[in-house]
Amino acid sequence: LRAFKIMPVSSTEQLRIGIITMPHWRRIEAGTNHIMKSYTNWFQARNVRVVAIPYDTPRPEWYFDRVDGVLIQGGGAKMNQYLYQTCLTFIRYSLELWKSERKLFPIWGTCLGFEIIVSLVGHIFPLQQFDALKYMKNLVFTKEASASDSRLYKSVGFTPEYMRLLESAPIVEFNHSHGISPQKFRANIVLHRAFSVTATATDRDGKVFVASIEGRGGLPIYGVQGLS
């Protein structure tokens, strides 16, 4: 965390994204809080300020007014109650802010971050097993991905040509052994009411798993299981 200077900033400054640290498998020189450098590089290359949020912070609410959104990372981590509690605090904040004031506080979960969001919102522990470690596959988009209120695949980079490529070629990298099937996702009332399933994929055994989700009705919470 020494690379990050955490302090209050004014609303006139650059966009601020909080990245929740992950518990490292072993204690390293700077402690157990860890952020993968690829995430910080991606944001900083786009002039976005990165704010490290320790997974074991005793006051996650202190960051509510100091970041404009939160990333829950992917990657291997030693899961514990502090990480779950910190992530749950921000998920609840985003939900309540959107429900009460229609204000945006985006949350994005990648791979493990996706799994944390699904587990916490759906109260599912553990998730299902899938054979998708170090695995390349194409996506299968659902009807909800092209719905009028969907936003996940409608940004500038997702051209019709790129969308066809994502569906036809194995260019999405997955690296997970846990996930959730579309059937189990939609059977969970809380998950189904909160999120749309926008894409699926199959693992090495042909089992279908949810590959991406987004909040319904404008709720700014997103999750993806793979990278392209």
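1. Ile72 is in contact (heavy atoms within 4.5 Å) with Ile20, Met22, Cys87, Ile107, Trp108, Gly109, Thr110, Gly113, Ile116 and Ile117, leaving aside its neighbours within four places in sequence. The model is predicted: local features need pLDDT of at least 70, side-chain atom pairs count only at pLDDT 80 or more, and totals for chains, interfaces and linings use all residues. Residues are numbered from 1 along each chain as its sequence is written, and side-chain values use heavy atoms, with hydrogens and water left out.

2. Ile72 is also among the residues with the most contacts inside the largest nonpolar core, together with Ile20, Val70, Phe90, Ile107, Phe185 and Phe195; this core has 40 residues. A nonpolar core here is a set of buried Ala, Val, Leu, Ile, Met, Phe, Trp, Tyr and Cys residues joined through side-chain atoms within 4.5 Å. Buried means under 20% relative accessible area, exposed over 50%, and partly exposed in between (1.4 Å probe, protein chains only).

3. At least two residues of this core come from each of β4 (49-53), β5 (69-72), α2, α3, α6 (189-194), β10 (195-202) and β11 (208-215). Helices (H or I, at least four residues) and strands (E, at least two) are DSSP runs numbered from the N terminus. Helix α2 gives the largest share, 8 residues. Another core, of 17 residues, lies apart from it and includes Leu139, Ala145, Ala199 and Ala201.

4. The axes of α2 (residues 81-101) and α3 (residues 112-122) come within 10 Å and cross at roughly 75 degrees. The two helices are therefore roughly perpendicular, a class that covers 65 to 115 degrees, against under 35 for roughly parallel, over 145 for roughly antiparallel and oblique for the rest. Axes are lines fitted to C-alpha atoms, for helices over the stretch in contact, with angles from 0 to 180 degrees between N-to-C directions.

5. In this pair, Leu83, Tyr84, Cys87, Leu88 and Ile91 of α2 meet Ile116, Ile117, Leu120 and Val121 of α3. By class, the contact has 9 nonpolar, no polar and no charged residues.

6. Tyr82 also lies in α2. With 48% relative accessibility, Tyr82 counts as partly exposed. Tyr82 touches Tyr55 and Asp56, not counting residues up to four places away in sequence. Its C-alpha atom is 9.5 Å from that of Pro54, 28 residues apart along the chain.

7. An open sheet of 3 strands has the order β7-β9-β13, with antiparallel pairing; strands pair if DSSP finds at least two bridges between them. Strands β7 (128-137) and β13 (226-227) are the edges. Strand β9 (residues 172-179) is joined to β13 by 2 bridges, and Glu173 stands opposite Leu227 in β13.

Key: Nonpolar A, V, L, I, M, F, W, Y, C, P; charged D, E, K, R; others polar.
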